[in-house]
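The points are grouped by topic.

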Amino acid sequence: MSGAALGLEIVFVFFLALFLLHRYGDFKKQHRLVIVATLLAWYLCFLIVFILPLDVSTTIYNRCKLAVNSSPAESNGSYVTLAPSKQKCFKPWSYIPDGIMPIFWRVVYWTSQFLTWILLPFMQSYARSGGFSITGKIKTALIENAIYYGTYLLIFGAFLIYVAVNPKFNLQWNQLQTIGIAAANTWGLFLLVLLLGYGLVEIPRSHWNGAKRGYLLMKTYFKAAKLMTEKADAEENLEDVMEEVRKVSESIKYNHPLRKCVDTILKKCPTEYQERMGRNMDDYEDFEERQNSYPSEKSLVKLHKQVIYSVQRHRRTQVQWQILLEQAFYLEDVAKNETSATRQFVHTFQSQEPENKIVQYFYTPTVEWYWECLLRPWFYRVLAVVLATFSVIVVWSECTFFSTNPVLSLFAVFIQLAEKTYNYIYIEMACFLTIFFLSICVYSTVFRIRVFNYYYLASHHQTDAYSLLFSGMLFCRLTPPLCLNFLGLTHMDATISHRDAQPTAYTSIMGSMRVLSFIADGFYIYYPMLVVILCIATYFSLGTRCLNLLGFQQFMGDSEMTSDLIDEGKELIRREKRKRQRQEEGENRRREWKERYGNREDSTRNRVVHTEQKESSFSETNTNRPLSKYTRSNGRTERDRIELLQDAEPLDFNADSINDDPLESDSGRWQARKGMTERWQSRPKETCLKQLTLWKDFD
């Protein structure tokens with residue numbers, strides 16, 4: 001099992017990152033470099049979180065070996081307490097051989113730092129650029145990142161000056177490396193505490209509110225009203241941009257030097273707009289024959305950028321609107337089925353996507369009713385209580401992890417109790433649950449926050465390339481300080497615990513923070529205490545109230561604007577529901593009509609085909625066989641048919657007899673029928689019977 005756990009987690013984390021990226025990104029439409037860079041950033045960050053518990057258990061085993069192999073005279077007191085006997089020092093199932101973890105952490109850490117500080121910012125500007133060539137996009141990305149890179153170089157230079165002026169320090173490569181790591185972790189820890197304070201309160205509260213059907217339905221109505229406004233704005237913005245594209249396309253003709261740029265812009269437009277613009281083009285008119293002012297290449301680059309943004313935003317709002325409608329319809333169905341006496345869940349609308357047969361077999365309407373109407377609310381309440389308990393433990397540990405005697409951090413207490421008995425399974429599970437909960441609080445906030453239309457992670461493949469790359473940058477900057485904070489909470493960091501023990505491989509890569517004492521002894525210890533203030537502010541929704549006062553509509557139960565938006569969203573959902581009901585009723589009527597009269601139409605069609613085949617076979621028989629071979633069973637002879645046609649006297653057509661007066665036309669038809677009747681009566685009886693029989697057989 002040596003190294004097997006590491007290999008399994010590496011493979012598992014890769015597919016986890018790939019699954020999440022597939023949910024938010026679009027592999028078919030987005031650039032491959034964007035997908036690869038984002039996948040690598042997410043993968044490395046998730047990998048650090050999953051592998052760190054193995055590093056902790058391996059470090060505890062290595063400490064045990066050092067304590068056992070050392071003599072009593074040379075042994076430190078901490079070593080004796082850690083390993084009083086050789087029987088307790090056994091190798092864990094997930095033990096990683098010496099020398100692997102330092103190399104692994106070094107590759108993972110520096111790759112993630114290269115991504116977040118150099119590659120991903122450059123790719124952000126490259127992906128958002130409206131240039132028409134690779135060279136143009138690279139040039140735009142370099143210009144946009146000049147200020148960005150210059151700012152960080154200025155900060156790093158300030159640290160270098162501080163170290164150079166201070167006579168206590170010698171400028172060595174290891175110390176410079178530690179200064180760079182400290183600067184990156186300081187920035188990440190500053191943002192980490194902000195996101196963590198929000199997630200520790202909002203995640204348990206969201207699950208508690210998830211058990212309230214009325215609350216979820218009202219919030220969905222509120223989202224519908226806001227999304228409809230955004231959807232209308234996106235449609236209007238797209239129309240304005242497409243109008244500019246149309247004007248540019250009409251002004252720049254086929255032989256203009258910038259026509260290739262216009263064609264590139266047209267390819268990014270929706271299909272209906274491309275067809276509409278294609279019909280209005282006149283490619284036979286040369287641009288030299290008209291003295292017009294043509295747009296420059298710079299203006300076309302700007303227009304190209306606007307087209308990419310407006311099309312992406314319009315597509316995203318359309319998809320989100322359909323998803324929100326499905327959620328609203330489902331919540332309304334849950335509210336209706338709560339009072340159902342049959343205890344079977346009935347949907348207003350059938351699912352548009354085909355369901356799995358296995359799911360249909362086990363997840364029956366009865367099971368769905370018990371889960372949605374009875375079990376799910378209680379499950380969410382219990383889960384919210386468990387998450388709230390974890391949040392309280394985290395807040396307490398963040399405020400007391402610097403205390404080593406006595407040990408007040410609950411996570412450190414749990415790890416030290418397991419360390420005495422060398423229960424590696426318990427150690428790894430405790431470490432994994434702790435860092436996993438911290439990661440959920442931080443990463444879920446990254447997925448939830450929205451900075452206007454600048455940064456927004458939208459599910460169902462609706463996230464743009466810029467937001468994907470920005471999320472990768474945030475993950476790479478937040479994960480290292482998150483892991484250091486976790487090691488501090490569990491007292492596995494020697495800087496916090498002040499123990500003369502072997503550090504973890506991850507801490508050895510980070511270096512000793514004693515180079516910058518005011519950061520190691522001040523900022524890293526006391527700044528995480530601000531999480532208490534942030535949790536209180538989140539609990540009372542101070543940020544939401546401030547945004548609401550600034551004009552950004554937020555969901556607040558005691559706000560008049562919120563009530564108005566809920567009513568508006570409720571009316572929008574009701575309107576869409578009626579529209580979909582009419583569509584389904586029309587489809588049902590067409591289906592019933594087809595089922596009822598489809599067989600008749602098929603039989604009529606078959607009868608017509610059979611008649612045509614019979615007539616064709618009859619004509620072939622007449623042409624191939626002589627007249628003498630006809631019998632009475634096959635009908636009348638050809639002579640009788642010719643006689644019938646000769647005896648029939650059709651009415652004469654006279655254009656002068658046509659009259660617009662209906663009375664005169666009726667009298668004319670009556671006189672024609674009268675004359676025909678007289679002619680039939682004047683004929684012999686045998687001839688009339690013979691002709692009638694022939695007409696009957698012919699039919």
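By class, 3 nonpolar, 5 polar and 3 charged residues make up the lining of the largest cavity in this predicted model. The space inside the largest cavity comes to about 100 Å³. Helix α10 (297-337) and strand β2 (455-456) are the elements that give two or more residues to this lining.

**Cavities**

- The count of cavities of 30 Å³ or more comes to 4.
- The largest cavity is lined by Tyr309, Gln312, Arg313, Arg316, Asn453, Tyr455, Tyr456, Gln462, Thr463, Asp464 and Ser467.
- With 4 residues, α10 gives the most to the lining of the largest cavity.
- The second largest cavity holds about 40 Å³ of space.
- Lining the second largest cavity are Arg63, His491, Met492, Asp493, Ala494, Ser497, Arg499, Ala501, Gln502 and Pro503.
- Sorted by class, the lining of the second largest cavity has 4 nonpolar, 3 polar and 3 charged residues.

**Second largest pocket**

- Elements that give two or more residues to the lining of the second largest pocket are α2 (32-69), α4 (100-128), α8 (259-268), α10 and α15 (465-489).
- Of these, α10 gives the most, with 7 residues; α10 also gives the most to the lining of the largest cavity, with 4 residues.
- Its lining comprises 33 residues, and those that lie nearest the centre of the pocket are Lys29, Gln30, Ala127, Ile308 and Ala465.
- The lining of the second largest pocket divides into 15 nonpolar, 9 polar and 9 charged residues.

**Nonpolar surface patch**

- A nonpolar patch on the surface is formed by Val451, Phe452, Tyr454, Leu547, Leu550 and Phe552, which together have about 580 Å² of accessible area.
- One of these residues, Tyr454, lies in the loop between β1 (450-451) and β2.
- Tyr454 counts as partly exposed because its relative accessibility is 36%, in between the limits of 20% for buried and 50% for exposed.

- The whole structure contains 14 salt bridges.
- One of the residues lining the second largest cavity, Arg63, forms a salt bridge with Glu419, with 3.9 Å between the closest N and O atoms.
- Arg63 belongs to helix α2 and Glu419 to helix α13 (residues 410-421), so this pair ties together parts that are 356 residues apart in sequence.
- Arg63 has a relative accessible area of 4% and is therefore buried.
- Glu419 also counts as buried, because its relative accessibility is 3%.

**Salt bridges within single helices**

- Glu250 and Arg246 form a salt bridge whose closest N and O atoms are 2.8 Å apart.
- Both Glu250 and Arg246 lie in helix α7 (residues 213-251), and their separation of 4 residues is about one turn of the helix.
- Glu250 is partly exposed because its relative accessible area is 28%.
- Arg246 has 25% relative accessibility and so counts as partly exposed.
- A salt bridge also joins the side chains of Arg376 and Glu372, at 3.2 Å from N to O.
- Arg376 and Glu372 both lie in helix α12, 4 residues apart, which is about one turn of the helix.
- Are Arg376 and Glu372 buried or partly exposed? Arg376 is partly exposed, with a relative accessible area of 23%, whereas Glu372 is buried, with a relative accessible area of 3%.

**Salt-bridge network**

- Glu230, Arg316 and Arg450 are linked in a network of salt bridges.
- Within this network, Arg316 is also one of the residues that line the largest cavity.

**Val367 in helix α12**

- Val367 lies in helix α12 (residues 365-400), the helix that also holds Arg376 and Glu372.
- The relative accessible area of Val367 is 39%, so Val367 is partly exposed.
- How far apart in space are Val367 and Gln344, C-alpha to C-alpha? Val367 and Gln344 are 7.8 Å apart in space, while 23 residues apart in sequence.

Definitions and conventions:
Residues numbered from 1 in each chain as written. Predicted model: local features only at pLDDT ≥ 70, side-chain atom pairs only at ≥ 80, totals over all residues. Heavy atoms only, no water. Buried < 20%, exposed > 50% of the residue type's maximum accessible area, 1.4 Å probe, protein only. 1 Å grid on protein atoms, 1.4 Å probe; cavity = no way out; pocket = protein on both sides within 12 Å on 5 of 7 lines; lining within 4 Å. Points joined across faces, edges and corners; volume = space filled by probe spheres on them. Nonpolar A, V, L, I, M, F, W, Y, C, P; charged D, E, K, R; others polar. Patch = residues over 30% accessible without salt bridge, like charges linked within 9 Å, V, L, I, M, F, W, Y side chains within 5 Å. Areas by Shrake-Rupley, 256 points an atom, 1.4 Å probe, with all protein chains shown as cover. Salt bridge = Lys/Arg side-chain N within 4 Å of Asp/Glu carboxyl O.
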